[in-house]
Amino acid sequence: MVTRPRTRLATLMITSALIGAAALIGWKVVARPEQARLPLASSFGPTPTLPSPNPTLVPTINVATPVGWAKEQTPQPARGLAVHAFATGLDHPRWLYTLPNGDILVAETNSPGTDIDTIKNRAARFVMGWAGAGEKSPDRIMLLRDTDGDGVADTRTVFLEHLHSPLGMALVGQTLYVANADAIMAFPYTSGALFIHDAGTKVADLPSGYNHHWTKNLLASPDGQFLYVTVGSNSNVAEHGMEAEEGRARIMQLELATGKLTPYATGLRNPNGLGWEPQTGALWVAVNERDEIGSDLVPDYITSVRPGGFYGWPYSYYGQHVDTRVQPQRPDLVASAIVPDYALGSHTASLGLAFSANATALPETWRHGLFVAQHGSWNRRPKSGYQVLYIPFANGQPVSLPTQVLGGFLSADDTHAHGRPVGLTVDGAGALLVADDVGGVVWQVRAAP
């Protein structure tokens, strides 16, 4: 069969158009990549600037490759503060918990690697590995003890092992609760113990499956009757359907006496850090918001949590800002979406949270608010996060823009990461501890001598 000249011409035109489109896409992605149009500061505070979405054909990727810390190198503390390594050589330390006797528990953990196998998620796993988050999970909790009070842990033991991507820890009476990626486990605890060999008892199953956002945090109620449990979404914006989101994107309340697990607040894409505000007693949470609508959207946030409240995900963000990617929509839920209290910057990956009232080893000016650890962006240009912040509070609410507590996690040219801050706790001596999972360090922050 002989191809007619008109057909050949049409084929040539289509081919040229496809090549031109590919060249244009390549030019936009490589030579003119998507980037923030607003200063990062505009996405902080109680009334962040929320521009129009800027979705792109190819998601923005801007990764800081890990290089670790050189000998004697540390993060950069704010004026009047000092930082040093409380413990080094840890294996992906991600979350911290202070026991009543002053011992520090460190969850050495990483993703269970069970996310749904799509081209997009394969690319995401590659990016996360490039950013230092691709190693096999150690699946254990370490105990650190400073016996002589010099600010350096001189005792280190494997406290619990054979876990499943553990994160949250909470002691109630003589029972230590641990949140694995798929269940809450209970272990008998004796004050001063250096390890637990008991296999533990399952208290409650948690949503898992392919487990996109796998981290589960715990916080006990002050009266010890309840545990509050964070459960992240199974996707960015429910792209696998709402059936895959059953029981997710929320904070759950577990009644310890009965084992009953019920929703406490919903529409929270990826809640992580939890804490009780000391003046009002309100529950606060740090939340990671959605991706892929530009470097300026959407800010992560901290917020007080209203029982029964709905916070928008996936249908809307920051109140009633509708995300048109989600179909079908739910205008009834959008109408009820609560505006968060305080924005923390777009794509900062704000994770750890600790109120500062007990941080007596720091100057008085740092003791009336909360600390937030920002793990750092992988999909914003320029990068954001990679720091620990302090947010002043008054009458139970944030009152001003944040102050950096620790910086210097990024290299001077912003291309490499020495470390990335994640979990926070205030230790028994009143100092702030910061888990650095990429650096393999727990840092201690206190007043400068």
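I looked up the surface first: the accessible area of the chain is about 19,400 Å², and carbon and sulfur atoms hold 56% of that (Shrake-Rupley method, 1.4 Å probe; for residues, only the protein chains shown count as cover).

I noted that this is a predicted model, in which local features need pLDDT of at least 70 and side-chain atom pairs pLDDT 80 or more, while totals for chains, interfaces and linings use all residues. Residues are numbered from 1 along each chain as its sequence is written, and side-chain values use heavy atoms, without hydrogens and water.

Overall make-up. I found three helices and 31 strands (DSSP runs, H or I of at least four residues and E of at least two, numbered from the N terminus). Of the 449 residues, 53% are buried (under 20% relative accessible area, 1.4 Å probe, protein chains only).

Strand S18. I checked S18, residues 283-288, for burial: six of its six residues are buried, so the strand is largely enclosed by the rest of the structure. Leu283, Val285 and Val287 are on one side, and Trp284, Ala286 and Asn288 on the other. I then traced its partners (pairing takes at least two DSSP bridges). S17 runs antiparallel to S18 and is joined to it by five bridges, with Leu274 bridged to Val285. The hairpin of S17 and S18 has six residues between the strands, and Gly281 there has a positive phi near 80°. S19, residues 299-304, is also antiparallel to S18, through four bridges; Ala286 is bridged to Ile302.

I turned to the second largest pocket, with a volume of about 820 Å³ (an open set of points on a 1 Å grid over the protein atoms alone, with protein on both sides within 12 Å along at least five of seven lines; lining residues have an atom within 4 Å of a point). Its lining has 28 residues, and Leu219, Leu274, Gly275, Trp276 and Thr425 are the closest to its centre. Among the elements giving two or more residues to the lining are S9, S17 and S29.

Cavities. I found two of 30 Å³ or more (sets of points where a 1.4 Å probe fits but cannot get out; the volume is the space filled by probe spheres set on the points, which are joined across faces, edges and corners). The largest is about 70 Å³, and its lining includes Glu34, His347 and Trp378.

S11 and S12 share four bridges, and Ala183 is bridged to Asp205.

How values were computed
Buried < 20%, exposed > 50% of the residue type's maximum accessible area, 1.4 Å probe, protein only.
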